[in-house]
Amino acid sequence: MTRVPTRKDSKGRILRRGEGQRPNGQYYFKFKDAKGKTKYKYSWTLTTHDLPPKGKKSGLCLREIEKQVQRDLFDRVAPSGMTVFELVEKYVVTKTAVRPTTRAGYKTVMNFLAKDAFGSRKIGDITTLDAKNWLIYLQGELGKSYSAIHCIRGVLRPAFQLAEEDDLIRRNPFNFELATVLVNDSIVREALSPQDERRFLDFIREDKHYSRYYEAFYILFNTGLRISEFCGLTKSDLDFENGSIRVNKQLQRGSDMRYYIERPKTKSGERYVPMSEEVKECFKAILQKRANPPIEPIVDGVSGFLLLDKNDMPKVAMHWEKYFQLSLRKYNSIYKNELPKITPHVCRHTFCSKMARKGMDPAKLKYIMGHSDISVTYNTYTHLGFEDVRDDMLRMTDGAA
């Protein structure tokens, strides 16, 4: 089992994938060259703002060295007359320190470009108008969603930017805002109303089959945890005395069925979430019902996962998405007043909106949700309507001059 490297340096700063710090304070960057051989680069500083230790020579910081490595890798594999597909393929080679989920996204884009005629076009022939028309074609003719096209453009724009910096093209044809070209048809995830949340949880608690998931569903509705964070929880993350849940990792499973641990992308993702008494009782019930497997599963050095499947492996997001889907289907087959779609992410939205509706301080809500930017908390996750704000506004303006 490979050891999970520390994700922070001696100053408490989050280190990117591939970065590390030696005991003597020197930073290093681990990557694979064009031939797949593991290489290392070293520096006494992480960013341009750092000063080297006393007696050590100043030089390029590690982050600048990483950019240089990326450029060097690209130079070695960039042929003349390159096609769009070849450009993306070579660009992906330079991304040596990305998460497995990001690499899976690259693969999806490459598979699409391998089949689409745009992928075989020469990069030097692509104009900004060509790029815009192609994205419009993807949405209008192929019916691709705004979010899917956003992912495709999210790979193409930096790939073309690298080609521009390497003088393979004059300008980046994808250097424009997507919203100025396409209609954003992204489905807004609606939070459940308090009444619908109560109806659903009451049904789950009383149902003979789905009551086994009640505690987990209740926790998701009342903590705001991401489903991958919830799946990654272990016994040691629960502090019943202080009423807190330590959130410092996510459990993922790739398309190859390999389990792995992801650490938070930003410092904001690492946090302690308070437990209400009800949430505390739900966790205790889960621990009480948890069977001790003959061999405790270990993923990247982490063990003690709370919820295991029939194969004694930790449950992942897919399990819970299916449980919500099946239980909701049963509810709607029984009652005429049907409930809207409920997923683990809807639970997260519902919690955030519920806390905002009750007047929680925005900075505190941002902390609990694990957001690095408060605009994400309020622009994406809260769904306040007229009734929610009317009473507050009338109270604040009552008697005003």
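This is a predicted model: local features need pLDDT of at least 70, side-chain atom pairs count only at pLDDT 80 or more; totals for chains, interfaces and linings use all residues.

Student: Good. In the sheet with β1, β2 and β3, which strands are at the edges?

Tutor: Three strands form that open sheet, in the order β1-β2-β3, and the pairing is antiparallel. Its edge strands are β1 (19-21) and β3 (38-43), each of which pairs on one side only. From one strand to the next, the twist averages 30 degrees.

Student: How many bridges join β1 to β2?

Tutor: There are 3 bridges between β1 and strand β2 (residues 27-32), and the two run antiparallel. To find one place on the screen, look for Gln21, which stands opposite Tyr27 in β2.

Student: And the sheet with β4 in it, what is the strand order there?

Tutor: The order is β4-β5-β8, again an open sheet of 3 strands with antiparallel pairing. Here the edge strands are β4 (238-239) and β8 (271-274), and each pairs on one side only. Strand β4 is joined to strand β5 (residues 244-247) by 2 bridges. Asp239 stands opposite Ser244 in β5.

Student: What do β6 and β7 form?

Tutor: They form a hairpin, with 5 residues between the two strands. Met257 lies in the turn and has a positive phi of about 70 degrees. Strand β6 (residues 250-253) pairs with β7 in the antiparallel sense over 4 bridges. One of the pairs is Gln250 with its bridge partner Glu262 in β7.

Student: Which way do the side chains of β7 point?

Tutor: In a regular strand, side chains alternate between the two faces of the sheet. From strand β7 (residues 259-262), Tyr259 and Ile261 point one way, while Tyr260 and Glu262 point the other way. All four of these residues are buried.

Student: Changing topic: how are two packed helices described?

Tutor: One gives the angle between their axes and the distance between the axes. For helix α2 (residues 84-94) and helix α3 (residues 100-115), the angle is about 165 degrees and the axes are 10 Å apart. Angles over 145 degrees count as roughly antiparallel, so α2 is roughly antiparallel to α3. Their crossing is left-handed.

Student: Which residues of α2 and α3 meet?

Tutor: From α2, the residues are Val84, Phe85, Val88, Glu89, Tyr91 and Val92. They meet Arg103, Tyr106, Met110, Leu113 and Ala114 in α3.

Student: Now the charged residues. How many salt bridges are there?

Tutor: The count comes to 19 salt bridges. One of them joins Lys330 and Asp207, whose closest N and O atoms are 2.8 Å apart. Lys330 lies in helix α10 (residues 317-334) and Asp207 in the loop between α6 (194-206) and α7 (214-223), so the pair ties together parts that are 123 residues apart in sequence.

Student: What does Arg271 pair with?

Tutor: The side chain of Arg271 meets that of Glu229 in a salt bridge, at 2.8 Å from N to O. Arg271 lies in strand β8 and Glu229 in helix α8 (residues 227-231), so this pair ties together parts 42 residues apart in sequence. Both Arg271 and Glu229 are buried.

Student: And Arg290, which partner does that one have?

Tutor: Arg290 forms a salt bridge with Glu296, with the closest N and O atoms 2.3 Å apart. Arg290 is buried, with a relative accessible area of 10%, whereas Glu296 is partly exposed at 27%. Elsewhere, salt bridges that share partners join Asp9, Lys11, Arg13 and Asp50 into one network.

Student: Last one: where does Phe217 lie, and what is it in contact with?

Tutor: Phe217 lies in helix α7 and is buried, with a relative accessible area of 0%. Leaving aside neighbours within four places in sequence, Phe217 is in contact with Phe200, Leu201, Ile204, Trp320, Tyr323, Phe324 and Ser327. The C-alpha atoms of Phe217 and Cys347 are separated by 8.2 Å, although the two residues are 130 residues apart along the chain.

Terms used. Residues are numbered from 1 along each chain as its sequence is written. Side-chain values use heavy atoms; hydrogens and water are left out. Two strands pair if DSSP finds at least two bridges between them. A salt bridge is a side-chain nitrogen of Lys or Arg within 4 Å of a carboxyl oxygen of Asp or Glu. Buried means under 20% relative accessible area, exposed over 50%, partly exposed in between (1.4 Å probe, protein chains only). Axes are lines fitted to C-alpha atoms, for helices over the stretch in contact, and angles run from 0 to 180 degrees between N-to-C directions. Angles under 35 degrees count as roughly parallel, over 145 as roughly antiparallel, 65 to 115 as roughly perpendicular and the rest as oblique. A crossing is left-handed if the near helix is turned anticlockwise from the far one by less than a right angle, and right-handed if clockwise. Contact means heavy atoms within 4.5 Å.
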